[in-house]
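Subject: Structure handover

Hello,

Please find the structure below. My notes on it follow, for you to read alongside the coordinates.

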Amino acid sequence: MTKKIFWEDPYLTQLDTLTTSVKDTDVTVEQTIFFPFSGGQESDYGTIGDRRVLQARTEGREIVYTLENGHGLKPGDQVSMKIDWERRYKLMRLHFAAEIVLELVYQKLGPIRKAGAHIAQDKARIDFEWDENISKVFPVIQKEALGMIEANQEIISAFSDEEKEKRYWEIRGFAKVPCGGTHLKKTGEIGEIELKRKNPGKGKERIEIYVSGNSISFAPDPAKLQPLLSFPGSDGL
Ligand SMILES: [Zn+2]
């Protein structure tokens, strides 16, 4: 089972590890910082042993990385894993912006039901089953979210059940929510948020979330990271 270092330290951008299995183009590793597509958050981009990762997916609690044909890796090889930090940090900021917006929607609109969520590099979205125009609550949500961001509150991330790999995040006095994503340390890292309403169909409302501006960052300086191969953007909509 891959040890998920992205939970212990979601700010790590490079890790030396070992391959544990190789089956055609699919590889597993002993430890990983490379987040797979999971819980609506898109996968990281990056490399294993300088080979480009085409896909990172979960299989039960294992994570399988698909490399290009002819990668040449064998089980037990020492490899360095690198992730595209610019992308990951944007995903983390949008992910947590979406967490706060979702909690505030629940707090303001009571029995509303979430129908889905997706976090891409350029925006996050949350879909709801709701008959009214959801943008009515945007001013109050934006004001309260901004207050939390300016207060730079601590975000606790931990296991609720380590054996089953169940995780949660918590902001004391605000919410405690189950989630296995990669989370920021402080709300101030989000920066500025902007909300847009989309109406994807009858009885459905969508909130699109954008982040911009400066964040109070714990992130390593991207200029000091080795450049990675670039990938085309995709928001999966
Ligand atoms: Zn989360």
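Two strands are taken as paired if DSSP finds at least two bridges between them. Helices (H or I, at least four residues) and strands (E, at least two) are DSSP runs, numbered from the N terminus. Residues are numbered from 1 along each chain as its sequence is written. The model is predicted: local features need pLDDT of at least 70, side-chain atom pairs count only at pLDDT 80 or more, and totals for chains, interfaces and linings use all residues.

Confidence

pLDDT is the predictor's confidence in each residue, from 0 to 100. For the protein chain the mean pLDDT is 91, and 90% of its residues reach 70 or more. Over residues 225–237 the pLDDT is below 50, and beyond near neighbours in sequence this stretch has 19 contacts in the model (a contact means C-beta atoms, placed from the backbone, within 7 Å). Where pLDDT is low, the predicted coordinates should not be read in detail.

The open sheet

Strands S11, S12 and S13 form an open sheet in that order, with antiparallel pairing. S11 (156–161) and S13 (175–178) stand at the edges with a single partner strand each, so one side of each has no neighbour in the sheet. Neighbouring strands are turned by 30 degrees against each other on average, direction ignored; axes here are lines fitted to C-alpha atoms, for helices over the stretch in contact, and angles run from 0 to 180 degrees between N-to-C directions.

S11 and S12 run antiparallel and are joined by 5 bridges, and Phe159 has Arg167 in S12 as its bridge partner. The hairpin of these two strands has 4 residues between them, and Glu165 there takes a positive phi near 55 degrees. Between S12 (166–171) and S13 there are 4 bridges, also antiparallel, and Ile171 is bridged to Ala175 in S13.

How many of the 6 residues of S11 are buried? The number is 0, so S11 lies largely in the open. A residue is buried if 20 or more other C-beta atoms lie within 10 Å of its own, exposed if 12 or fewer, and partly exposed in between, with C-beta atoms placed from the backbone.

The barrel

A barrel is closed by 6 strands in the order S2-S3-S7-S6-S5-S8, with antiparallel pairing. Its twist averages 45 degrees from one strand to the next. S5 and S6 are joined by 2 bridges, and Thr47 has Arg52 in S6 as its bridge partner.

The loop between S5 (46–48) and S6 holds Asp50, a residue other than glycine with a positive phi of about 65 degrees. Asp50 counts as exposed because it has 12 C-beta neighbours inside 10 Å. Asn152, in the loop between H3 and S11, has a positive phi as well, near 45 degrees. With 14 C-beta neighbours inside 10 Å, Asn152 counts as partly exposed.

The core

A nonpolar core is a set of buried Ala, Val, Leu, Ile, Met, Phe, Trp, Tyr and Cys residues joined through C-beta atoms within 7 Å. The largest one has 42 residues, and those touching the most other members include Phe34, Tyr65, Leu94 and Ala97. Helix H2 (85–109) is among the elements that supply at least two residues each, and H2 gives the most, with 13. Domain 1 (3–83) and domain 2 (88–211) both contribute, so this core lies between them; the bounds come from an automatic or database domain assignment. Leaving aside neighbours within four places in sequence, Ala97 is in contact with Ala124, Ile190, Ile193, Ile209 and Val211.

Regards

Key: Contact = placed C-beta atoms within 7 Å.
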